[in-house]
Amino acid sequence: MTSPDPFRVIFVCTGNICRSPMAEVVFRDLAERQGLGSRIVSRSAGTGDWHLGERADHRTLDSLARRGYDGSQHRAKQFTFASFSENDLVVALDRTHERILREWAHNEDEEGKVTLLLAFDPEAPSQDVPDPYYAGAEMFDSVLGMIETATRGLFRQLEPALRQPRTPRTPGARSGGLP
């Protein structure tokens, strides 16, 4: 490989149409604005398969657009066994997702990649980013604000490592789907 391997982060929520696409877009935008867009890959996925291939919820897209982000390219995906080996960090949007992801992990290394997004916001009143799906536009905006704050905290933690050269990823990663 001639170029350093980027750091790969995947954000995970339930259906991959509200919270995790917001986090994916915000994190990517932050990295690009800091001149590190080529050093990271920001992805998202859901624990469920209900919305595979769908765009993000229109309220997600509207909320992102109101803050100057573009989520139009998003298409919902499901987290798979391969997602552990394809990513350096697995960021759960709430404790339910965190529990599911830890249960799906095959070993301590995979389990060790799982963290909660709000762990990166010391002022967060909860460990869970609330699901705005059954709420109105105001809730989507509120959730996006929480995600922006926590994502900035995550980025501050990762930035020193992102500025260092990465070693190439070794081939032979395990793959397969989750139930």
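**Exercise 1.** Decide whether Cys13 is buried or exposed.

*Solution.* Start with the cut-offs: buried is under 20% relative accessible area, exposed is over 50%, and partly exposed lies in between (1.4 Å probe, protein chains only). Cys13 has 3% relative accessibility, so Cys13 counts as buried.

A note before going on: this is a predicted model, in which local features need pLDDT of at least 70 and side-chain atom pairs count only at pLDDT 80 or more, while totals for chains, interfaces and linings use all residues. Residues are numbered from 1 along each chain as its sequence is written, and side-chain values use heavy atoms, leaving out hydrogens and water.

**Exercise 2.** Describe how α1 packs with α2.

*Solution.* Take the geometry to begin with: helix α1 (residues 19-33) and helix α2 (residues 58-66) pack at an angle of about 25 degrees, their axes 10 Å apart. Angles under 35 degrees count as roughly parallel, and α1 and α2 are therefore roughly parallel to each other. Next, list the contact (heavy atoms within 4.5 Å): α1 supplies Met22, Val25 and Val26, and α2 supplies Thr60, Ser63 and Leu64. Finally, sort these contact residues: four are nonpolar, two polar and none charged.

Methods:
Axes are lines fitted to C-alpha atoms, for helices over the stretch in contact, and angles run from 0 to 180 degrees between N-to-C directions. Helices (H or I, at least four residues) and strands (E, at least two) are DSSP runs, numbered from the N terminus. Angles under 35 degrees count as roughly parallel, over 145 as roughly antiparallel, 65 to 115 as roughly perpendicular and the rest as oblique. Ala, Val, Leu, Ile, Met, Phe, Trp, Tyr, Cys and Pro count as nonpolar, Asp, Glu, Lys and Arg as charged, and the others, Gly among them, as polar.
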